[in-house]
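Welcome! Here is a friendly walk through a structure that may be new to you. Have a look at the sequence and the model, and then read on.

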Amino acid sequence: MDHSVEPMVVARGVDKYFGTLKALDRVSLDVAQGEVVCIIGPSGSGKSTFLRCINQLEVIEAGAIHVAGELVGYRRVGDALHELSDVEIARQRLSSGMVFQRFNLFTHMTALQNVMEGPVTVQRRPRAEVRDEALALLERVGLAAKRDAYPLEMSGGQQQRVAIARALAMKPRLMLFDEPTSALDPELVGEVLTVMRDLAASGMTMIVVTHELGFAREVANRVVFMDHGGVVEVGPPKEILSSPQHPRTRDFIAAVLN
C-alpha cells in the first residue's frame with residue numbers, strides 16, 4: 001500500500017452526543033486507500049455511530065472527518081466552518097457506500113431493479129448502461145439467477161448480497177459495513193463474508209464493524225478495538241486478536257471466543 005497517497009478517511013478528535021450520552025469521545029483514525037479496517041468492541045461502544053458519522057447519517061459535535069480529501073459536512077472559509085447544504089451533503093455521501101445490518105431493499109422491486117435504482121434516479125445515468133453494470137454486479141455477488149426475484153423470495157444472505165451490489169452500483173470509493181452479518185442465520189453468514197473477501201481482494205477501501213473475529217483476522221489490514229465511545233487499541237489483526245496490550249481488549253476477546 002502506498003502511504004504517500006492521501007488517506008481515504010481521516011478522522012480527528014471526533015465527538016458525538018446523543019442528549020447527555022457521549023457516544024464518541026475524541027475518536028481519531030486514518031484509513032489508507034485500499035485498506036480494510038475492522039472495528040470490534042462491545043455493543044454501545046460507538047462503532048456503528050462512527051460509521052454513521054463518516055457517511056453523514058449523524059452530525060458530529062467536535063473534531064473533523066475527511067473522506068477522499070474532502071471535509072465532511074462543512075466548508076472551511078478562512079477560520080470559519082459553514083455547514084453544507086443538503087444537496088452538497090448528498091453529493092459527498094456518494095463517495096461512500098453503506099451496508100447495514102438490515103438489508104433495507106425496496107420490497108416492491110426485483111433484485112435487478114434494486115441495484116439499478118440509485119444510478120438511474122440519483123446519478124441520472126442511462127438505463128441501458130446501468131442495467132449492464134447491475135447485471136455484472138449481481139453476477140459478482142453470485143446472484144445472476146435471482147435478478148428477477150423480489151426480496152421476499154430471497155434468503156437473508158441473498159438479500160444482503162443484493163444490498164452490497166446496490167451499494168457498489170453507485171461506484172463508491174469507500175465501503176462501510178455495519179455488522180452486515182448480525183441479522184443473518186448462522187449458515188448464511190459465510191456467503192456474505194465471501195463476497196466481502198472478494199471485494200477486499202479487489203482493492204476496495206473498507207471499514208467493517210463486525211463480530212466475526214475470524215473474518216477480521218483473515219481479511220483486515222488493521223483491527224480497531226472501541227469501548228465507551230473511544231478507540232482503545234489499533235493494530236494488525238494478529239496483534240489485536242492474539243496478543244492485545246490493553247486489558248479491556250483482552251477481556252472482550254476472551255468473552256467473544258468463549
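Predicted model: local features only at pLDDT ≥ 70, side-chain atom pairs only at ≥ 80, totals over all residues.

Residues are numbered from 1 along each chain as its sequence is written, and side-chain values use heavy atoms, with hydrogens and water left out.

## How the helices pack

Helices (H or I, at least four residues) and strands (E, at least two) are DSSP runs, numbered from the N terminus. Two packed helices are described by the angle between their axes and the distance between the axes. Axes are lines fitted to C-alpha atoms, for helices over the stretch in contact, and the angles run from 0 to 180 degrees between N-to-C directions.

| Helix pair | Angle between axes | Axis distance |
|---|---|---|
| α3 (residues 111-121) and α4 | about 130 degrees | 9 Å apart |
| α4 (residues 127-140) and α5 | about 140 degrees | 9 Å apart |
| α5 (residues 156-168) and α6 (residues 186-201) | roughly 20 degrees | within 8 Å |

Angles under 35 degrees count as roughly parallel, over 145 as roughly antiparallel, 65 to 115 as roughly perpendicular and the rest as oblique.

Let us begin with α3 and α4. On the α3 side the contact (heavy atoms within 4.5 Å) is made by A111, L112, V115, M116, P119 and V120, and on the α4 side by R127, V130, R131, A134, L135, L137 and L138. By class, this contact of α3 with α4 has 11 nonpolar, no polar and two charged residues. For these classes, Ala, Val, Leu, Ile, Met, Phe, Trp, Tyr, Cys and Pro count as nonpolar, Asp, Glu, Lys and Arg as charged, and the others, Gly among them, as polar.

Is α3 mostly covered or mostly open? It is mostly covered, with eight of its 11 residues buried (under 20% relative accessible area; over 50% is exposed, and in between is partly exposed, using a 1.4 Å probe and protein chains only). N114 and G118 are among these buried residues, which pack against α4 and α5.

Next comes α4 with α5, an oblique pair that also has a right-handed crossing. L137, L138 and R140 of α4 meet V162, A165 and L168 of α5. The residues of this contact divide into five nonpolar, no polar and one charged.

The last pair is α5 and α6. With axes crossing at roughly 20 degrees, α5 is roughly parallel to α6. The crossing of α5 and α6 is right-handed. From α5, the residues G156, G157, Q158, Q160, R161, I164 and L168 meet L188, E191, V192, V195, M196 and L199 of α6. Seven nonpolar, four polar and two charged residues make up this contact of α5 with α6.

## The nonpolar cores

In soluble globular proteins, nonpolar side chains tend to be buried together. A nonpolar core here is a set of buried Ala, Val, Leu, Ile, Met, Phe, Trp, Tyr and Cys residues joined through side-chain atoms within 4.5 Å. Which residues touch the most other members of the largest core? Of its 51 residues, these are I164, M175, F177, M196 and M206. Helix α6 gives the most to this core, with eight residues. Leaving aside neighbours within four places in sequence, M206 is in contact with E35, V36, V37, M175, F177, M196, L199 and A200. A second, separate core of 25 residues includes V31, I39, I65 and V67.

## Some single residues

R93 lies in helix α2 (residues 86-93) and is partly exposed, with a relative accessible area of 29%. The C-alpha atoms of R93 and N55 are separated by 5.9 Å, although these residues are 38 apart along the chain. Beyond its neighbours within four places in sequence, R93 is in contact with N55, Q56 and L57.

A68 sits in the loop between β4 (62-67) and β5 (70-71). A68 is not a glycine, yet has a positive phi of about 50 degrees. Its relative accessibility is 28%, so A68 counts as partly exposed. K171, in the loop between α5 and β9 (174-178), is also a residue other than glycine with a positive phi, near 55 degrees.

Notes
Left-handed = near helix turned anticlockwise from the far one by under 90°.
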